[in-house]
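My notes follow in the order in which I looked things up.

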Amino acid sequence: MDVTEMKNTVREFILAEFLPGESSANLKDDTPLRTSGVLDSMATLKLVSFVEDKFGIEVEAHEAGVENFDRISDIAALIERKKGA
Amino acid sequence: MSTEREELIRAALEFGRRAFPEDRPTGEAEGEFNRAGWKQLAEFGLFGMPVPASHGGLGLGLGDVIAVMETLGYAIADQGLLFSANAHLWTNVIPVLIYGTAEQKQEYLPRMASGEWIGANAGSEPDAGSDIFAMRTRAVKTATSYVLNGTKTFCTNAQVADVFVAYATLDPALGPMGITSFVVPRSTPGVTVGKHIDKMGLRTSPMGEVIFEDCEIPLANRLGREGRGAQVFECAMEWERGCILANCLGVMRRQLEKAIAHCQTRKQFGKSIGKFQSVANRIVDMKLRLETCRPLVRRIGELKDSGKAADLEAAMAKLYVSECYVKSSLDLIQLFGGYGYTTEQGVERDLRDAVGSTLYSGTSEIQRNIIAKCLGL
């Protein structure tokens, strides 16, 4: 799966779970998620679990903060780093 | 409905009526746990119903368990006992079944499924109720163990529990990602059951504080991954919200039948009171509530049995059924008039039991929050 597919997979999950009815065009790679309130801490935990299951990686508690989960591009970068590690 | 489920319902009805005859006192006034009743439920197989046969259970689907619970709620007056059974099933059996390691399942599930061990949830704290993840109970990891310190409250079954599924934070700064869950046998040094909490209803279901003081738990007793206790908790709550009111459907059915029988036989002004439109309308509302509540709860069984999430549906069922349960309990008292207000008829007990349903497993306000969030609000 290339990085564009990764981003789209994450985007589809966020739209389905946390933004039902929202157009995918409005959820861009750099749309703030945590800092804008789209994702609260429990929603982030749900997203972390999805990312782990979908991409076969493990995210530690200290990695689930704003630095890695505020934007789809950050999430994709974390997945790439984890898969490449 | 399948023939097997119909047979199960018949068996549950026969069992409930035989084992819990209506005239048998259940220690409600004294707030006594019905241990003999617990053993009877265990012998009937209730606690093993959602557990696979490989772990000592019957391996039934959730739809079947919900049908049994509804029937037991109809047949048994002691809703406190069924409340304790619900707490044991959804906050102990299910988390261990879903998140337990092979060793944990082997160690705990057979005893939980047989009813030999009673489980209690140690989650809520004095300052962490609806805001559960603000919990202060700390877990400190050592080379071989976790050491728990903190006080839990509103723990159903606390006084009679043999095991606790407990939650503590490794680091409050991590929020929900700091929470970790543990299986803690009551015999663990450092576990104390604190004061009994007296309640207006569900009085036969014990409730109390659980205190962890330098309570050292082997690493092997961590339930689920480190920092994923919030996920375990949310999972348990989803099951509990969706299923804990199944027996209340049975109560609502019993209330409806009682209301109809009473209003057909009680005469005032020369005719049965059911002939007065304002009286009949209450019974119509009770019937409507029962029939609109039932599909919401049964839907949880369908979703879970097909491996789907039921966050939204469980919150809707919890909110709607609990509020209907309170309204129908109030209606029944009104239909019985002054007699309904006395303790002789037993209908006031239903109301006292019902009020708690809008509070436990998340208040009605919290259920609305969950539903709104699921709608993208």
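How many residues does helix α6 of chain B have, and how far does the helix reach from its first C-alpha to its last? I found 15 residues (229-243) and a reach of 21 Å, close to the 21 Å expected at 1.5 Å a residue, where the expected span is 1.5 Å times one less than the number of residues. Helices here are DSSP runs of H or I with at least four residues, and strands are runs of E with at least two, numbered from the N terminus.

Before going on I noted the conventions: this is a predicted model, in which local features need pLDDT of at least 70 and side-chain atom pairs count only at pLDDT 80 or more, while totals for chains, interfaces and linings use all residues. Residues are numbered from 1 along each chain as its sequence is written, and chains are lettered from A and ligands numbered from 1 in the order in which they are written.

**Burial of α6(B).** I counted a residue as buried with 20 or more other C-beta atoms within 10 Å of its own, exposed with 12 or fewer and partly exposed in between, the C-beta atoms being placed from the backbone. On that basis 14 of the 15 residues of α6(B) are buried, so the helix is largely enclosed by the rest of the structure.

**Chain B overall.** I noted twelve helices and ten strands in chain B. Its radius of gyration is 21 Å, close to the 21 Å that the globule rule gives for 377 residues, so chain B is as compact as a globular protein of that length; the radius is taken over C-alpha atoms, and the rule is 2.2 Å times the number of residues to the power 0.38. Of the 377 residues, 52% count as buried.

**Domains of chain B.** The assignment gives domain 1 (3-118), domain 2 (120-226) and domain 3 (245-374), with bounds that come from an automatic or database domain assignment. Taking two residues as in contact if their C-beta atoms, placed from the backbone, lie within 7 Å, I found 26 residues of domain 1 in contact with 20 residues of domain 2. On the domain 1 side of this pairing, α4(B) gives the most, with twelve residues.

**Helix α1(B).** The 17 residues of this helix (3-19) should span 24 Å at 1.5 Å a residue, and its end C-alpha atoms are 24 Å apart, which agrees. Its buried residues are B:L8, B:A12, B:F15 and B:G16. They cover an arc of only 95 degrees around the axis, which puts them on the same side of α1(B); the arc is that of the directions from the helix axis to the C-beta atoms. These buried residues pack against α2 (35-44) and α3 (62-75) of chain B, whereas on the other side of α1(B) I found exposed residues, including B:E6, B:R10 and B:R18.

**Across to chain A.** Ten residues of chain B are in contact with eleven residues of chain A. In α2(A), the buried residues include A:L45, A:L47 and A:V51, and the buried residues of this helix pack against α1 (3-18), α3 (66-69) and α4 (72-84) of chain A together with α6 of chain B. Just after α2(A), A:G56 takes a positive phi of about 65 degrees. A:G56 is exposed, with 10 other C-beta atoms within 10 Å.
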